[in-house]
Amino acid sequence: SPAIQPILYDPGARTPYVQEWNVAIQRQLGRSTSLELAYVGNKGTKLETNVPLNRPTPGPGDADPRRQFLGLSEGFAVRNEASSIYHSLQVKVERMYSNGISLIASYTLAKSIDNSSSDFGSGVQDANNLRLERAVSDFDYRQRLSVGYVYDLPFGTSKALKPGNPALRYLVSGWELSGIVTLQSGSPFTISSGRDVANTGSGSQRPDRVGSGALSDPTINRWFDTSAFTLNAPYTFGNSGRNILYGDGLSNW
């Protein structure tokens, strides 16, 4: 039945593993403030991912005769062929409660690279060449700043600003201002042609890339340069890579 989806598991699959390393320096700044600088990295090896198993090779005409297993749908093979690498600089400033203020701020400058960001795969284009999928990870947020703070407002009893009226002094006493500020750069995305140019029956593929595609002043109506991409030749895969452009960042107050 064409509706049957073949799924292949390797009985000799290797166990995935991740190596992690870090080095940090912490220094006290005054009585209530500390600064920490750290380098953090990790490497994933033999990670599990899904790779198309019965996808037709590119070519003209009906796609089914070009499948390895005729009469079955595409399916997938569970393979230990994914890998990842991550490097980051991490900075943390912490201020214990002093003079009515406490604060913790952390900043990360990082880069994550892999050939599959999920065990479900990352939309593999050419099942016979996973090297083409190596790119920054789907979750590659280059920079992130997070600041949490509490400020004990200087009004009321035993504070610098103490109203003379007892009722007013009671009303303004004990108030705090607190919040969390998060600033984060955008995540990468992949350009798709929206067409099955290779004629593999697996949906649209990536086009050919003839320019950068990035704009110095992107807008919501024109986020990247569409003229930097053209349709690839019929029955071929485009040369545009995975996750080559970045979306908008996040500012959360």
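The points below go through selected side chains, their pairings and their surroundings in this predicted model.

1. Conventions. Residues carry numbers from 1 along each chain as its sequence is written, and side-chain values use heavy atoms, with hydrogens and water left out. Because the model is predicted, local features need pLDDT of at least 70 and side-chain atom pairs count only at pLDDT 80 or more, whereas totals for chains, interfaces and linings use all residues.

2. Aspartate 126. This residue lies in the loop between strand E5 (101-114) and strand E6 (135-136), where helices (H or I, at least four residues) and strands (E, at least two) are DSSP runs numbered from the N terminus. Aspartate 126 is buried yet has no salt bridge, and the nearest side chain of opposite charge, that of arginine 55, is 7.1 Å away. Buried here means under 20% relative accessible area, exposed over 50%, and partly exposed in between (1.4 Å probe, protein chains only); a salt bridge is a side-chain nitrogen of Lys or Arg within 4 Å of a carboxyl oxygen of Asp or Glu. For charge, Lys and Arg count as positive and Asp and Glu as negative, while His and the chain ends are not counted.

3. Surroundings of aspartate 126. Its side chain reaches the backbone nitrogen of asparagine 128 at 3.0 Å. When neighbours within four places in sequence are left aside, aspartate 126 is in contact (heavy atoms within 4.5 Å) with Leu132, Glu133 and Phe237.

4. Arginine 55 counts as buried because its relative accessibility is 18%. Arginine 67 meets aspartate 64 in a salt bridge at 3.0 Å, N to O; arginine 67 is buried, with a relative accessible area of 14%, whereas aspartate 64, at 40%, counts as partly exposed.

5. Arginine 206 and glutamate 133. These two residues form a salt bridge whose closest N and O atoms are 3.2 Å apart. The pair links distant parts of the chain, 73 residues apart, with arginine 206 in the loop between strand E9 (188-189) and strand E10 (208-209) and glutamate 133 in the loop between E5 and E6. Both arginine 206 and glutamate 133 are buried. Elsewhere, salt bridges that share partners join Asp114, Asp138 and Arg242 into one network.

6. Glycine 59. This residue, in the loop between E3 and E4, is buried, with a relative accessible area of 5%. Its C-alpha is 9.4 Å from that of valine 197, although the two are 138 residues apart in sequence. Not counting residues up to four places away in sequence, glycine 59 touches Arg66, Ala198, Asn199 and Tyr235.

7. Serine 212. Placed in the loop between E10 and strand E11 (229-230), serine 212 is partly exposed, with a relative accessible area of 45%. A polar atom of its side chain lies 3.3 Å from the backbone nitrogen of alanine 214. Leaving aside neighbours within four places in sequence, serine 212 is in contact with Ala228 and Leu245.

Methods:
Polar contact = N/O pair within 3.5 Å; in protein donor to acceptor, adjacent residues only side chain to side chain.
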